[in-house]
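Visitor: I have the structure up and want a quick tour. Can we start with the terms and then get to the chains?

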There are 2 protein chains.
Amino acid sequence: MKAAIMGFGTIGSGVYEVLKVNRRVIERRVGSPIDVKYILDLREFEDQEIAPLIVRDYKEIAADPEVDMVVETMGGVEPAFTFVKTMLEAGKHVATSNKALVADKGAELIRIAREHSVSFLFEASVGGGIPVIRPLLECLTADVIEEITGIVNGTTNYMMTEMSANGTDFDEVLKEAQDKGFAEQDPTADIEGYDACRKIAILTSLIAGRQVDYQDIPTEGIRGISATDMKYAKILKRSIKLLATSRKVGDTYVARVAPYLLPASHPLSKVDGVFNAIFVHGNMLGDGMFYGSGAGKLPTASAVVGDLVEIARNLDKNLPIDWEPEALALGDPQETVERFFVRSSSAMSLIEDTFGPVNLIEAQKDGEHAFVTEPMSEKEFAAKTAAIDLISMIRMG
Amino acid sequence: MKAAIMGFGTIGSGVYEVLKVNRRVIERRVGSPIDVKYILDLREFEDQEIAPLIVRDYKEIAADPEVDMVVETMGGVEPAFTFVKTMLEAGKHVATSNKALVADKGAELIRIAREHSVSFLFEASVGGGIPVIRPLLECLTADVIEEITGIVNGTTNYMMTEMSANGTDFDEVLKEAQDKGFAEQDPTADIEGYDACRKIAILTSLIAGRQVDYQDIPTEGIRGISATDMKYAKILKRSIKLLATSRKVGDTYVARVAPYLLPASHPLSKVDGVFNAIFVHGNMLGDGMFYGSGAGKLPTASAVVGDLVEIARNLDKNLPIDWEPEALALGDPQETVERFFVRSSSAMSLIEDTFGPVNLIEAQKDGEHAFVTEPMSEKEFAAKTAAIDLISMIRMG
């Protein structure tokens, strides 16, 4: 069987490496080997073993009837979308790790794949190497999925873990993460929660079977989390995690990306460092969690190649995915009832006028009061905090 | 589609309940509903809604061409084997939660299913509701699985967790677990590790693609673990867990069931109470873990019904599983190199003559010395401990 790789960056070169190192075991599982015939990349790779495979024009791959499957590891929506669409229309299966592409164009590419009797798979787009999409679609099929909540961004989880362990502040930890290669030079997509938002949009689309637009999901990043917040977390015996969460409410879901204070009893509270985990609650299953390397060259490439094996085992057909293009109207996030950890510089009298009697947590900074509210809706909380001077707030998970 | 349930105990009645409560969502996923036409059980169920479904003779189910799929939740090898074999030979798919049956007869039933173009699935036989078998076989296909280690017995994990949290001793915790229904009146299969042994035999068979006889796996239970051991574990900042583990060594695997002292950094160290988790290390993936309810009526039934959905989506064919009947010669467990935590009543001079200089851990009981050895093989350790008075030993994970 012949494959092509579009984009020879970190993940793309990882795919090449996995196919090479595990060639024999993959051949045993598929029944025949998977060879890379083309690599699409604009850079020069002179004197490297892949040099003879390099092509500049994606149409060359689409036109070659020998190519059965194509890997897309370019990132971004365009030109990835045009390239992938062309491959599917040319009757080639596609596996991708590109969450931006899947969140934006997943439903459309699934439809095109179906129409051309090929598959469009994207296990690596959420949770890197952790199998989560296929287990969700093919194993947890006896359950109504009532909640799916993930730590799906390794960069921010590494930062939260370091801030918690060492008391360092945000800017220092970000620089350290950049120096170690755990954060990009432009870390916006990670620390503002945009990356996590696309991933929970994909997961929610899959459990709902309908398009969930990531633009509809309220998204807060971790830029507001300080070393002082971490001190309060310790007093509360909780850890602060950036969660991407989706809960069933009636016939739809309410989704959010935000930092949460998780109790030690929550399985996600102990997911540290660059690891990712996706927690699932089913109405019959109860709690389950998938844990592992959510990013990185080889773990992510492992998931892409796992998709290639699944494609190779089902070469003559479309592997159906239930993700219809009509957008799902998400539930109102303002109606979600939660408790909130609050830091305020207002006088106690004003705080208690607004929130009623509160149990103060020992202040970790001069001139502020800290407490946890009773359960209330986001809307109610917003109204109350408008009346006080809010330093920061974090939702209680 | 018509199903039958053989054995209406805890899991069997759970399967009925899952099919009933989630009927609508299952119908949507399959394309048509799954109805239970027969329940095989020898007891009386007068006045209950299932009474009209009860049959006494399994041959009645086998003879009904309307029945597409059969659930086996009777437990034990016989008569379950005879009944399941008959169903497969009659062209009916089978899903089971019965680890004793799968460990003993899995390869044979997979062959019979293949010959009759039906499927034999058993996701619920390991890890209860946690999807692990299908993710292993269908997702982690790009990897060489170098290690699979599970906390796969909820009873013993509950007991270890309680002993660690409350300092209670073995017999007291066992009684408490029995009172709460977490341990059976005859707890032998759980506390001696026999249950965990069958589960790691199944997992090892699946990753090796060959029969692994559970009788070949050295198995120690938790009966030797005391409140004093838990005190030492705390000093070592470790937790004691009953692990079922299998590691790739050359072209085969070395398997063992035994209590281990796990460092806090190991993902399995934080799996507490009745929860189960299966840790996997792939040569490309790195570390991954599947976590959730490893037992209980509804979680286990959820996994059985998940298999029924997969069967219903593939009604006209055999879902292949690579598990050949020729027995795999496991690696020699005496060659495994580990460190060992040791408690001995021998004099220090004898201990140091035998093990060389040791760093003593503060004794938690009079008249004993405690220490951790250097890495050595099981064989070497056995030879050394023959020379001293051993109170107890636990392997370091």
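Guide: Terms it is. Buried means under 20% relative accessible area, exposed over 50%, and partly exposed in between (1.4 Å probe, protein chains only). This is a predicted model: local features need pLDDT of at least 70, side-chain atom pairs count only at pLDDT 80 or more, and totals for chains, interfaces and linings use all residues. Residues are numbered from 1 along each chain as its sequence is written, chains are lettered from A and ligands numbered from 1 in the order in which they are written, and side-chain values use heavy atoms, with hydrogens and water left out.

Visitor: Is Asp47(A) buried or exposed?

Guide: Asp47(A) is exposed, with a relative accessible area of 81%. Its phi is positive, about 70°, although Asp47(A) is not a glycine. Look for Asp47(A) in the loop between β2 (35–40) and β3 (54–55) of chain A. Helices (H or I, at least four residues) and strands (E, at least two) are DSSP runs, numbered from the N terminus.

Visitor: And what is the phi of Ser117(B)?

Guide: Positive, about 55°, and Ser117(B) is not a glycine either. Ser117(B) is partly exposed at 43% relative accessible area. Most residues other than glycine have a negative phi, and most peptide bonds are trans.

Visitor: Which peptide bond is cis in chain A?

Guide: Glu78(A) to Pro79(A) is cis, with omega about 10°. In chain B, Glu78(B) to Pro79(B) is cis too, with omega near 5°. Pro79(B) sits in the loop between β4 (67–72) and α4 (80–89) of chain B.

Visitor: New topic. How many residues of chain B are in contact with chain A?

Guide: 44 residues of chain B, against 44 of chain A. Contact means heavy atoms within 4.5 Å.

Visitor: What area do they bury?

Guide: About 3,700 Å² between them, 53% of it on carbon and sulfur atoms. Buried area is the accessible area (1.4 Å probe) that two parts lose on being put together, summed over both. Thr141(B), Met284(B) and Tyr291(B) supply 18% of what chain B buries against chain A, more than any other three residues.

Visitor: How many salt bridges cross the interface?

Guide: Zero between chain B and chain A by the rule, which asks for a side-chain nitrogen of Lys or Arg within 4 Å of a carboxyl oxygen of Asp or Glu.

Visitor: In which sense do the β12 strands pair?

Guide: Antiparallel: β12 (residues 286–293) of chain A and β12(B) pair over five bridges. Two strands pair if DSSP finds at least two bridges between them. Gly292(A) has Gly288(B) as its bridge partner in β12(B).
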